[in-house]
Amino acid sequence: MTLKTEEFLLNLGPQHPSTHGVFRILLTLDGETVVKAVPIPGYLHRGIEKLAESRTYTQVIPYTDRLDYLAGMLMNWGYVHAVEKLMNVEVPERAEYIRVIVGELARIASHLVATGAYAADVGGLTGFIYTFRDREDIMDLFEMISGARLTPSYMRVGGVADDIPDGFIDKCRQFLDYFPTALDEYNGLITGNEIFQARTKNVAIISAEKAIEMSLSGPVLRASGVNYDLRKARPYSVYDRFDFEVPVGSKGDCFDRYYLRLLEMEQSAKIIRHALDQLPEGPIKGKVPKVIKPTAGEAYAEIESSKGIMGTYVVSDGSTNPYRVHFRRPSFVNLGYLDEMLKGWKIADAIAILGSIDIVLGEVDA
Amino acid sequence: MENLFVSMAAGIRSLLGSGGLSEWATDFLVMFLKLGAILVYILVSALWLVYMERKVSAYMQCRIGPNRVGPMGLLQTTADIGKLISKEFIIPKDADKKLFLLGPILIFMPPLAVFAVAPFGKGMVAIDMNIGVYYFLALASLSTVIIWMAGWASNNKYSLIGSMRVVAQMVSYEMPLILSIVGVIILTGTLNMSDIIHAQENVWFIFLQPLGFLIYLIAAVAETNRAPFDLVEGESEIICGPFTEYSGMGFAMFFLAEYANVVLVSVMATTLFLGGWLAPFGLTFIPSWIWFLLKVYLMIFLFMWFRWTYPRVRVDQLMEFGWKVLVPLSIANIFVTGIGKYLYHSLGW
């Protein structure tokens, strides 16, 4: 009898514990080793861009919450930023500061989920619970300021929906004072763990050239050693007034991508602290007409979201509804290199690699 | 207290004897009762260990854990099992039906069989077998075959990957497990569990065989398929491994068998390295079987601690660690133990 081996197909997802939603990868496996990977996104496509065409400019804001639902604030921001550019609206200083505060809080919240989910992907469930415990504080802050925890819809064209409530600043400071302790805990539980390092170091290295070539952005790009953060490289809003660093990885492996998020959270906390100190008085909304009706034209604006560069392209035909809205979703673009990255690694690595890119399916599929 | 169970057994025996039963029938009935008692203990303890695991993990994760069903949630797992029993047992269309059903039936066999030789206290061993350690090693690895069978019969790709991992893991970790125990056997010169415990009256073997204990501990975690060596289930990778297709009580059997195995390796660790039922510091007023259970549950807690702290290793790292680190280390341990014993005897140290 002759024994022969053959490759087989494994359908990973869309129902799978660690595809971060309903993502599907068709893996061709040789034993445990991935020979070929075909990512198949689209299971969460809700047609947000098309829906936006039949809504007024303000009505689109709640849809953007549902893009990257882990950082709804940043998604709001990306969209209103583009509409403001289209209408040439001046945003008052106080509103910009509030945007920075909630935006950076959202970045921390999003990175906390990424960090925790990554620990769970690699097999340590406890890390997941720890980060979610601390994310809860941010959710509470969002609830205070916007009434919603996950989908705040807090930004408006020309400013923010409401001024910050009493007690918000104190509570925010409390969180910032506590946060370094939490980071220490993550470092002890996850980062410093030998097994975690063995699992993530030198896994799926992305070279700087390749990262730029594949148009990756956000932590995935910076982990490869490319110092490109829109907040520094092309400051928007009031980011040029804060003193912060852009952490950069050295190798571009899974560990760097994971650890970079921890470092970024530290910097975000620093920015929030500065913003709270400098927070000016004044109006929270610029001079925007009740009915938003931009003149015909188009605008493209980018912000640095938690996953990467979030771009919004808005075309106006002069009516109250946008003629066309398109979102450049960083999660989706970052996934472009996945099939190449997975090749040659084990199934367990495939999960770790996917987790290190940190995708949110709401954003990937829009 | 000390002789609670021993005198109970003697009482039952004399009762049966006075009832006019023959010697042989009395022996048979007493043995039956002893094994029955162990069976009940293991099953109940597996059930409650699930509760313990949930509580331990909850406190490690800043949660409270089950606290609604019964006092302090003590009846939670009982309720869970009740639910699982009432659920439908789904047999996949393409599964090998006979083997698929046989899996959950057989999975409890190896741990239960091994407990027959476990010394729970002074004189409290159902069958004092002179090859007890050997018997344990032989039977404990049998569960691999059963899990592999279950995964194969499921006819699911995730199950198949999980089953292959079981085999790979067993092959790499059974070796260091056995070799780590050899050190103890060299010191005692016996395979009988009770004799091994008696040999530890002066000093526990954890102090004479620290490396052996460490290797045993690591190999035992791999043997029970728990984190950081839970590749077989590997929830975030291969859903639930060989148990993916099992539902209802079929799943529960595998789930509970894992805990029976945890008790088993803890019992062995206690017997071989922690002095079994011997009381430390001469605290003999506490009955031996309480000491034994205390040590066992301490070991179980250690396993739970591992599980809720460590991430999972990768399959190639697992094998590499087993073959390239644990096996050479355990062989070195045997070597050092042998030389030590030789010097001890010849030089009279």
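**Exercises on a predicted two-chain model**

In chain A, three strands make up an open sheet in the order β1-β2-β3, with antiparallel pairing. The model is predicted: local features need pLDDT of at least 70, side-chain atom pairs count only at pLDDT 80 or more, and totals for chains, interfaces and linings use all residues. Residues are numbered from 1 along each chain as its sequence is written, while chains are lettered from A and ligands numbered from 1 in the order in which they are written.

**Exercise 1.** Determine which strands of the chain A sheet stand at its edges, and describe how β2 is joined to β3.

*Solution.* 
- Step 1. Strands are DSSP runs (E, at least two residues), helices are runs of H or I of at least four, and both are numbered from the N terminus. Two strands pair if DSSP finds at least two bridges between them.
- Step 2. β1 (8-12) and β3 (33-40) of chain A each have a single partner strand, so one side of each lacks a neighbour in the sheet; these two stand at the edges.
- Step 3. β2 (residues 24-30) of chain A is joined to β3(A) by seven bridges, and the two run antiparallel. Within this pairing, A:Leu27 has A:Ala37 of β3(A) as its bridge partner.

**Exercise 2.** Characterise the side of chain B that touches chain A.

*Solution.* 
- Step 1. Contact requires C-beta atoms, placed from the backbone, within 7 Å. By this criterion, 23 residues of chain B are in contact with 24 residues of chain A.
- Step 2. α8 (157-188), α12 (235-238) and α15 (315-347) of chain B each supply at least two residues of this side. α12(B) gives the most, with four residues.
- Step 3. The residues of this side of chain B divide into 12 nonpolar, four polar and seven charged. Here Ala, Val, Leu, Ile, Met, Phe, Trp, Tyr, Cys and Pro count as nonpolar, Asp, Glu, Lys and Arg as charged, and the others, Gly among them, as polar.

Key:
Two residues are in contact if their C-beta atoms, placed from the backbone, lie within 7 Å.
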